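Biologist: Please show me the structure, and then let me ask what the terms used for it rest on.

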Amino acid sequence: MDAQELPPPQDRVFAYRRSPDQDAAAPARHPVVIVGAGPVGLAAAVDLARRGVPVVVLDDDDRLSTGSRAICFAKRSLEILDRLGVGRRLVGKGVSWKVGKVFLRDAPVYSFDLLPEDGHANPAFVNLQQYYLEAYLVERAAAFPHLDIRWRSRVTGLEVRPDGVLLTVETPDGPYRLSGAYVVACDGARSAVRGLMGLESRGRSFRDRFLIADVRMAADFPPERWFWFDPPFHPGQSVLLHRQPDDVWRIDFQLGWEADPEEERRPERVEPRIRALLGQDADFTLEWVSVYSFVCMRMERFRHGRVLFAGDAAHGVSPFGARGANSGLQDADNLAWKLHLVLDGKAPDALLDSYAAEREAAADENILNSTRSTDFITPKSEVSRVFRDATLLLARDHAFARRMVNSGRLSEPSILRDSPLNTADEDGFAGAMVPGAPCADAPVLGPEGRGPEGRDWLLRQVGDGFTGLYFTDGRPPGGDILAGLRALDQGPVPVRCLAVHPAGTAAADGLVDGDGLVARRYDATPGTFYLIRPDQHVCARWRRFDPPRVRAALARATGQDPAP
Amino acid sequence: MTHPPTTNSLGLDTTPRLADPDAVYEALIDAHQGLSPEQSALLNAKLILLLVNQVGDAHIVAAALAEARRGL
């Protein structure tokens, strides 16, 4: 069916289909069973399927997410989704933005630009209703015969065995059992898998309530994030405004802890709040309304043997930094390649420990940022409110105070500085591309995948596997270097090596750094070699290409070198 | 939105000088945890006196006082 003929995502119902597993004499065994067909579970499933790993996804529902839910997808998420084959659809449909404005009462205090430089394929952020992302991933999943999404399939039992995990699944036809060598729990904040294993996600809850109203209307606010502290139309509280596609606007009203969630959800309560912001004669319809409070929390460990937790099942944050779905997509990105190598026998099971270590550290970073933002937005004591207001007053005139105003520190990918998979620098490098950093994008001219003007992007050339970037002086690599680069591509864990030539090179092979931005962003000089992980994080770099060092770093990055 | 120059004629530097302002802000708020309003006011006064002494320049202190007082 053509994508255009499908009903809008929020109206789609996915049919339950009986699986042959339900008639099997013994529980069918699968390499990976993913629980939860939300953005994280679907991204992990598509990533694994691209790598050739058969996947079963179990979801207890037969619809996509209700309401817009996650709406802000960060540049790093778009890069991940680009690799999975849906990024351009998100950018095409979504509202791109990069500017945030902060107001105190009725006056602007300051604005910030989340991507002040050019030379990136993707925008800083795209706003898009969560159900669109889910719909794109479900459509993408259909391209893989070995990716089986089973709707209306609720996990009700779980038994960990030495060689896998036995799951009991409840369906409209009754229960059946299947087993996964690995189970990835992406089943959300109230994770059933977590509950069945007797595990908890713990943290700090915030004594405040917020109203989300998705409003459909024709309005001419610019595509920016607007945040008000104490506005005249909603005194004493904060308000956040975001634009989504389809003429839908997300308005977030802080209500305070005393607010009655049931009462505040009623349209006759919600509409006056919106009219206060938009004007009494504003013409709008309510799309979706929700009242929420939140907890910043995480599981103590994201790996429990053969069960791996990802997304909201593993960690939760307040919505103010857009760090929920974005960090969940980074979880999926981090896990898929590791599971693939382990299932393929090319890396030890211990590589999966690095998933937990890296993403637990990332969750801590997200929770720290989210907690600080929430404390600023929701001062928990009178003195805290005084400091907050003083900061806002000073921010009008003084740059130092603008840096302290915290209406949300928006999602940035974690730099995996302390990852056991990194190889420390031996050579001197400046700039941001330290081992563990997510790779910066940059424009390139490539022989493959040329855009309309021969232009492409570095991250679109860095594929699903390990990649080596070899920076040349304009001459194609030859002799021992070429032999060494080719040998890396032939190893058990192949490293696809790309030559990066300076501007003006008429290269038959490799990429040309037409604007010089690759060399600048990677602080590269002729001879520099970067080893990049399949999830596009730097694992090692040198000023000279030395195959034994690269092989040692590759062994380390695949969990085969436990020595410190 | 235009912003006036951030260093005034009296030499008060209001450009960002902290590497991690969020962490310092958090420490300021956390320092007040469990204190009564009177104790919080006392903490703030002691903190200001300590920082004023650290600044060690009466002209800068005067400029900061004038800036803090502005608009009240």
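The questions below concern the terms used for this model.

Modeller: This is a predicted model, in which local features need pLDDT of at least 70, side-chain atom pairs count only at pLDDT 80 or more, and totals for chains, interfaces and linings use all residues. Residues are numbered from 1 along each chain as its sequence is written, while chains are lettered from A and ligands numbered from 1 in the order in which they are written.

Biologist: What makes the elements of chain B helices, and how many are there?

Modeller: A helix is a DSSP run of H or I with at least four residues, a strand a run of E with at least two, and both are numbered from the N terminus. Chain B has three helices and zero strands.

Biologist: What makes β4(A) and β7(A) a pair?

Modeller: Strands pair if DSSP finds at least two bridges between them. Three bridges join β4(A) to β7 (residues 125-127) of chain A, so the two strands count as a pair, and they run antiparallel. In β7(A), V126(A) is the bridge partner of S96(A).

Biologist: Why is the sheet with the order β3-β7-β4 (chain A) called open?

Modeller: β3 (72-74) and β4 (95-97) of chain A stand at the edges with a single partner strand each, so one side of each is left without a neighbour in the sheet.
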